[in-house]
Amino acid sequence: MSAPPVLHRAVLAACLLGSVVAGCARKADLVITGGMVWTGLSSGRAQPGAVAIGSGRILAVGDSAAVAPYIGSRTRVLAAGGGLVMPGFVDGHTHFIDGGFQLASIDLRTAATPQEFIRRIAEYAQHLKPGQWITGGDWDHTLWRGAPLPRKDWIDSVTPSNPVFVTRLDGHEALANSAAFRAAGVTKDTPTPPGGEILHDPRTGEPQGIVKDQALGLVERAIPAPAPAERDSALARALAHAAALGVTATAHMNASWADLASYRRMERARRMTLRVILYLPLEQWRDIADTIRRQGPGDDWVRIGGCKGFMDGSAGSRTAYFFQPYADSAGYYGLLRHPEASMRAWIGAADSAGLQVTVHAIGDRSNAILLSIYDSVARAHGGRDRRFRIEHAQHLRPEDIPAFGERGVIPSMQPYHAIDDGRWVEQRIGPERIRTTYAFRRLLDTGAKLAFGSDWTVAPLDPLLGVYAAVTRRTLDGKHPNGWVPEQKVTVAEALRAYTWGNAWATFNESKWGTLAPGNFADVVVLDRNLFLMPADSLDRARVRYTIVGGRIVFER
Ligand SMILES: [Zn+2]
């Protein structure tokens with residue numbers, strides 16, 4: 001009499017393990033069939049196959065015969081139509097909520113004339129309450145005949161009660177209207193801050209609207225911080241944008257506590273459709289460590305990953321720090337944002353507190369200094385799986401490249417920047433140094449675990465643009481059809497791996513997601529075609545058909 005229940009228990013246990021026992025295959029909630037499956041577990045190409053998903057996880061991956069037993073009466077079956085089925089894209093470096101604000105801000109990037117610039121601002125202002133600011137914009141006056149810089153008197157009459165502070169697309173210049181100057185207390189007597197410029201009307205001496213570099217802060221400090229509800233709507237917009245692009249997780253760099261609170265509200269409302277790992281400012285390592293000690297780091301939707309610092313600036317503004325002077329600026333090497341000793345102290349303290357550390361480094365000298373700080377901290381504090389990261393790792397001396405593989409320092413890089421900067425960076429640093437700029441190939445060949453991302457809002461979020469950029473290295477101006485520094489190209493599989501598993505590793509999540517391994521969270525993207533069979537120069541034309549996060553379809557086309 002006791003035999004049947006025992007047997008029943010054994011069968012039930014087998015079912016829970018997801019294995020197939022006669023008469024009992026665990027049924028899937030979702031099965032994707034007819035696709036070319038790339039699991040991310042090997043460097044191979046995609047194979048015809050199917051994926052079964054249940055309770056938010058990958059149950060099985062195999063050919064259609066292997067997956068068929070998982071299809072039950074309540075299983076939804078998605079036809080992939082020969083498209084690529086792969087782990088969801090993970091963006092290793094975004095300013096994610098800023099992206100949501102950018103999506104809703106005024107678009108001046110494509111305003112082709114001053115008249116159109118004025119018209120768009122006037123129209124945007126009509127939908128605002130008095131006192132609401134107009135920011136963002138990304139205007140580009142080089143598109144206009146004679147390239148005149150805009151002036152506040154162009155827009156004052158259409159924005160009498162809304163402060164306007166719209167930036168040029170490089171972020172180094174902005175136009176304020178009279179209401180914005182009033183709100184900020186900027187008058188003709190306001191002194192120009194060091195490293196900045198305020199353009200004045202030669203006749204009246206009044207500010208004429210344009211402020212540059214450090215002078216942007218004079219107006220920025222008057223812009224009210226967004227209310228929590230506004231931050232939440234920006235996050236909601238960013239989530240929808242990411243889902244449409246197949247992005248299922250991201251590392252949010254330079255996150256604020258207000259950002260963290262917004263993610264947690266969204267999670268409580270069960271509206272998160274992407275996993276986020278936040279990196280808060282390095283200087284706040286003590287608060288970050290205290291918060292983790294009190295509340296824990298978070299969960300698989302919203303988690304504090306560690307802290308993020310800055311070594312230097314950017315090559316575009318000549319603030320990236322190099323061993324040799326800039327080629328177009330004699331005797332100028334760039335600069336460190338903080339003294340080396342401060343960086344060493346902060347990184348050491350954060351590491352002692354058990355935090356993961358990542359730091360922005362662009363120039364070859366700031367990368368070399370950072371590698372040496374990481375090395376000395378690791379030696380002083382002893383063996384631990386700490387996974388130091390470098391954000392951008394953009395310009396490297398050839399002799400510094402092997403350190404990434406040997407010491408497990410993760411280069412977190414943005415391929416789209418390569419095809420953007422590739423237009424002009426050789427003028428800045430000359431023909432020799434560019435050979436190891438965005439050195440994807442050399443880094444992989446010397447054993448580095450590469451993590452790819454976009455740096456959204458600085459570049460578009462679309463990971464397929466990143467894959468295209470890494471594989472082709474064709475600059476945006478079309479001047480390098482065979483690739484800019486082509487010896488640093490990578491393959492499609494390598495680019496996809498850096499956009500999936502590489503970021504799982506870089507955030508300590510490789511046992512949970514980043515590959516289609518059975519048991520992992522079912523974070524899956526289905527593309528409309530197979531990237532492995534497309535000509536490299538059209539990789540960015542593939543489109544996302546389904547985005548699935550934790551087994552739930554969060555986007556379908
Ligand atoms: Zn960034």
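Predicted model: local features only at pLDDT ≥ 70, side-chain atom pairs only at ≥ 80, totals over all residues.

Start by selecting threonine 457, which sits in the loop between E19 and H17; helices (H or I, at least four residues) and strands (E, at least two) are DSSP runs, numbered from the N terminus.

Residues are numbered from 1 along each chain as its sequence is written, and side-chain values use heavy atoms, with hydrogens and water left out.

**The zinc ion**

Now select the zinc ion. Which protein donors does it have? They are His93 (NE2), His95 (NE2) and Asp455 (OD), lying 2.1 to 2.2 Å from the ion. Donors here are N, O and S atoms within 2.8 Å of the metal (3.2 Å for Na, K and Ca); water is not among the atoms, so sites may look incomplete. Along the sequence, the donor residues follow the spacing H-x1-H-x359-D. Histidine 95 lies in the loop between strand E6 (89-94) and helix H3 (96-104), and aspartate 455 in the loop between strand E19 (451-452) and helix H17 (463-472), so the pair ties together parts that are 360 residues apart in sequence.

Are these two buried or exposed? Histidine 95 counts as buried at 13% relative accessibility, and aspartate 455 counts as buried at 6%. Buried means under 20% relative accessible area, exposed over 50%, and partly exposed in between (1.4 Å probe, protein chains only).

**Helix H8**

Next, select residues 228-244, helix H8. At 1.5 Å a residue, its 17 residues should span 24 Å, and the end C-alpha atoms are 25 Å apart, which agrees; the expected span is 1.5 Å times one less than the number of residues. Colour its buried residues, among them Arg231, Asp232, Leu235 and Leu239. The buried residues of H8 pack against H3, strand E13 (247-253), helix H9 (257-268), strand E21 (544-549) and strand E22 (552-556), where contact means heavy atoms within 4.5 Å. Just after H8, find glycine 246, with a positive phi of about 80°.

**Helix H11**

Move to residues 340-352, helix H11. Its buried residues are Met343, Ile347, Gly348, Ala349, Ala350 and Asp351. Their cover includes helix H10 (285-295), strand E15 (302-310), strand E16 (356-361) and helix H12 (364-381). Glycine 354 follows H11 and has a positive phi, near 85°.

**Two residues with positive phi**

Select alanine 147, in the loop between strand E8 (134-139) and helix H5 (152-155). Alanine 147 is not a glycine, yet its phi is positive, about 45°. With a relative accessible area of 33%, alanine 147 is partly exposed.

Then pick histidine 392, in strand E17 (residues 389-392). Phi of histidine 392 is near 85°, a positive value in a residue other than glycine. Histidine 392 counts as buried, at 4% relative accessibility.
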